[in-house]
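Hi,

Here is the structure I said I would pass on.

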Amino acid sequence: MAKRIFLCLLLASFFVSYSFSALAETPPTYDQMEYQYMLRRSAMLNELGDWKTWTLEDKARLDQLWLEMGQVQDDFPLHSIPTDKDLPQQEALRMAKEEIGRKFSLDEAALSAYGVRYVFFAFPDPSIHSLWILRFEQDGVAPSTAYEVEIDSVTRAIILCRDLAIEAVPPASERDVPAADDIPMEEAVKLAKEAAEKKRAEAATLGAQLGRHPLTEDALKHFSAHAVFAEESVAGRCWQVTLESPDEILNAYFGFVIVFLDPKTGAVLDIVDGQGTNG
């Protein structure tokens, strides 16, 4: 009898030990990793203050957690620190200023009124080029003005240069308001999301070299939508809906999409697809 009890206890100890071992080897789910990430981010915000003031080193220290937890896709953008093979930060600043000046006719004196936020992304897959994102902002200015430039840190090519303020401008005049028989803003946003999802799905079939990541319904939940009604625009009378994530990581991964819709029928007049990473 004593031998039987001892054997049962031995077997129970083995199965409990095996269960904990198997549990420890089970990779964390994305929700579990995201929870741990947000815990560390919250602690660092308490330590360092406003995210806008964080250094490249601070942001890289936070994103190191993704690598520590594993299960990160090869094309997942991570805040990192440039190596000696990357475009230097001051050179990236010079290129960004020149591109903004050329595209928007702003000189050095005008740009001196803007603060600059730096983001540097690298990827677990070394074949995907690292990326500089520089955002020029005027804090406390209404309406807000901001420019954003993305630069391939390896080839030094300008990927994107845009005026962020045009995505959320107030009506240019009293005429820029929808009529009673136009589709409402909520419907315009819904149709724009459907069009963006379809557009990216089509682009993804053309090859990964386009660097356009599919916009699934789940991904679009993390996007903000700026809907502006325009009596006159590049697409004529329309709803202009800009879909973009406020999170820098998702923004770099997915990019943005601007959809122009016929206000009467909801038909898509045009789509501007600002691609994400060049992976």
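How far does helix H3 (residues 56-69) reach from its first C-alpha to its last? The span is 21 Å for 14 residues, close to the 20 Å expected at 1.5 Å a residue. Bear in mind that this is a predicted model.

Leu62 is one of the buried residues of H3. Just past the end of H3 comes glycine 70, with a positive phi of about 75°.

Now the sheet. Five strands form an open sheet in the order S1-S2-S3-S4-S5, and the pairing is antiparallel. At the edges are strand S1 (78-79) and strand S5 (158-163), each pairing on one side only. Further in, strand S3 (residues 131-137) and strand S4 (residues 146-152) are joined by seven bridges. Phenylalanine 136 is opposite tyrosine 147 of S4. Helix H4 (residues 89-104) packs on this sheet and touches strand S2 (115-122), S3, S4 and S5. The direction of H4 makes about 55° with that of S3.

As for the whole chain, there are eight helices and nine strands. Of its 279 residues, 40% are buried. Among contacts with a separation of 6 or more, 54% are between residues 24 or more positions apart. The chain exposes about 15700 Å², with carbon and sulfur atoms supplying 57% of that.

Cheers

Note on methods
Residues are numbered from 1 along each chain as its sequence is written. This is a predicted model: local features need pLDDT of at least 70, side-chain atom pairs count only at pLDDT 80 or more; totals for chains, interfaces and linings use all residues. Side-chain values use heavy atoms; hydrogens and water are left out. Helices (H or I, at least four residues) and strands (E, at least two) are DSSP runs, numbered from the N terminus. Buried means under 20% relative accessible area, exposed over 50%, partly exposed in between (1.4 Å probe, protein chains only). Contact means heavy atoms within 4.5 Å. Accessible areas come from the Shrake-Rupley method with a 1.4 Å probe; for residues, only the protein chains shown count as cover. The expected span of a helix is 1.5 Å times one less than its number of residues. Two strands pair if DSSP finds at least two bridges between them. Axes are lines fitted to C-alpha atoms, for helices over the stretch in contact, and angles run from 0 to 180 degrees between N-to-C directions.
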